[in-house]
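Subject: Structure for your review

Hello,

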Amino acid sequence: MTIEDGRIRILADAEPRADGAYVLYLLQQANRAHFNPALEHAVAQANRLKLPVVACFGLLDGSNGFPEANARHYAFLLQGLADAAAGLEKRGIGFVMRKASPAEIAIDLAEDAAMLVLDRGYLAIQKRWYGQILEGVKGRIVQVEGDVVVPVDIASDKHEYGARTIRPKIKRHLEEFLHPLRSAPVKHRADDLKLKSEIDISDPDKVLEGMTLDRSVGPVKRFTGGESEARRRLKAYLAGPFGHYGAERGKPEAGAASHMSPYLHFGQISPVEIVLALREAKGATDEDRDAYTEELVVRRELSMNHVNTTERYDSYDHAVPDWARKTLHEQAGDHREHRYTEEQLAEGETHDHYWNVAQREMRVTGYMHNHLRMYWAKKILEWSPSAKAGFERTLRLNNRYFLDGRDANSFTNVAWTYGLHDRPWARRPIFGTVRYQSENSLRKIDAKAYERSVDELCRAEED
Ligand SMILES: Cc1cc2nc3c(=O)[nH]c(=O)nc-3n(C[C@H](O)[C@H](O)[C@H](O)COP(=O)(O)OP(=O)(O)OC[C@H]3O[C@@H](n4cnc5c(N)ncnc54)[C@H](O)[C@@H]3O)c2cc1C
């Protein structure tokens, strides 16, 4: 199957350089060796030009580190890169990894390349790298969008109001972008190229040890990075818990969620691969499939739309809609029965027992169920000195502890807590007409069973 044209953008339309030694692929968003449209585009072009493919990765380190990334995130990223590197080697694709920014390594290695292929992410830092690459690389540059089902500009060319408005636009194009992607044979292996990696990624723990980074949030045992692990988990999930997704996705203790978010965040699995697999899953109903597709495609790609069309998506003043900021401002002087510092929140030292349990799951294991994330974030709004302070600390905690943090989904869902993609509800103290969530919403779940599962998960981290 060829790659759909709508995924491909020609960023610099030059002929491939005749004296190029390879086709270069900057592995940045899609950190995988299979089901990766950007990589397959590079392979197809290299086969046509009778050249090998070289993939490269720039590892940010020290003061140049990825914003808000800590040892937890880097451990997972490096495990994933070790797996991708092994997959690339098997296919005869070169892999060069250096301590550099993605733009620096791409610009340097593009000197000897016939052309450069990029994948696509939507965060401001990624857009900055693409801009630097466009300035620094002379020659053909092609970008291939492989970490969404429907390419963002095809889904919508404007900031969407919510799921209600983007859903029909995504559904209109869904089938056009749901095709399997075969790993094509590489005709010219990169084995003889003299390019060497500065970093030996075959031992990711050692690479992590050698890095200068924030180690106050450590790696977790609950999740191991890599595309092989992502596929193994997906297979096990679709054979079992997925059959309860439609009915039980709102119950954290039911185990019906897929835990795919860290793998999606780090580009270790393609959302197209997931949708195609869930369509084949036995033992699931259309209700399960529709509910999962709604989350993975409509909600997730609504987040991409928000981040892609909102320059300061990390700022309360820019990401939260006017009506919501106005109503929150009107309630700013309301009495707040409970107020906590950010440290108390991080340590789970509030009066709300189950909130503390959820916070412990996040702090110790790097994950929390969607239902609890909503409750967790709404309570931070309620317990913070102001709505703006609440937004900022929620985002910091989210991005510090969640393995899937620092994602388009992080910025969008934190802003959702403050009214984004939502409508006004009945007026309440502190919240104004922004949707409120009471302790009663926990009555719908078996909170004791949830706490037992968190105890067990935390014990496993300490073993
Ligand atoms: C306050 C708050 C903060 C959040 N922070 C993040 C974050 O940092 N990173 C992140 O990836 N998600 C975030 N989410 C969205 C959602 O909670 C997680 O994606 C989901 O819980 C991940 O678990 P899962 O893979 O088991 O989900 P499943 O229920 O198995 O869902 C499958 C996939 O669908 C997507 N998805 C599910 N729920 C949502 C949603 N509400 N919005 C967008 N996409 C969704 C995710 O990609 C997820 O992996 C946040 C939600 C809230 C309310």
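The buried residues of H19 are Ala-408, Ser-410, Phe-411, Thr-412, Val-414, Ala-415, Trp-416 and Thr-417. Buried means under 20% relative accessible area, exposed means over 50%, and partly exposed is in between, with a 1.4 Å probe and protein chains only. Helices are DSSP runs of H or I with at least four residues, numbered from the N terminus.

This is a predicted model, in which local features need pLDDT of at least 70 and side-chain atom pairs count only at pLDDT 80 or more, while totals for chains, interfaces and linings use all residues. Residues are numbered from 1 along each chain as its sequence is written, and side-chain values use heavy atoms, with hydrogens and water left out.

Helix H19

H19 spans residues 408-417 and is mostly covered, with 8 of its 10 residues buried. Those buried residues pack against helix H12 (286-309), helix H13 (316-319), helix H17 (370-383) and helix H18 (387-401). Contact here means heavy atoms within 4.5 Å. At the start of H19, the backbone nitrogen of Asn-409 has a side-chain oxygen of Asp-407 within 2.8 Å. A polar contact is a pair of N or O atoms within 3.5 Å; within protein, one must be able to donate a hydrogen and the other to accept it, and residues adjacent in sequence count only if both atoms are side-chain atoms. After H19 comes Gly-419, with a positive phi near 115°.

The ligand

The ligand is surrounded by 25 residues (a heavy atom within 4 Å). The closest are Tyr-245, Ser-258, His-259, Tyr-367 and Ser-410; Ser-410 is also one of the buried residues of H19. An N or O atom in the side chain of Ser-258 is 2.6 Å from an oxygen atom of the ligand. For the side chain of Asn-370, the distance from an N or O atom to a ligand oxygen is 2.8 Å. A polar backbone atom of Asp-404 lies 2.9 Å from a nitrogen atom of the ligand. Taken alone, the ligand exposes 830 Å², and the protein buries 96% of that; the areas come from the Shrake-Rupley method with a 1.4 Å probe.

Helix H10 (261-265), H12, H17 and H19 each give two or more residues to the shell around the ligand. The largest share, 5 residues, comes from H12.

Helix H11

H11 is largely enclosed by the rest of the structure, because 7 of its 10 residues are buried. They are Pro-271, Val-272, Glu-273, Ile-274, Val-275, Leu-276 and Leu-278. Their cover includes helix H8 (227-239), H10 and H12. At the N-terminal end, Ser-270 caps H11, with a side-chain oxygen 3.0 Å from the backbone nitrogen of Val-272.

Ile-274 lies in H11, residues 271-280, and counts as buried because its relative accessibility is 1%. Beyond its neighbours within four places in sequence, Ile-274 contacts Leu-234, Met-260, Leu-264, Ile-269, Tyr-292 and Leu-296. Leu-296 is 22 residues away from Ile-274 along the chain, with 8.9 Å between the C-alpha atoms.

Helix H2

Ala-86 is in helix H2 (residues 71-91). Its relative accessibility is 38%, so Ala-86 counts as partly exposed. Ser-202 is 116 residues from Ala-86 in sequence, and their C-alpha atoms are 7.9 Å apart.

Regards
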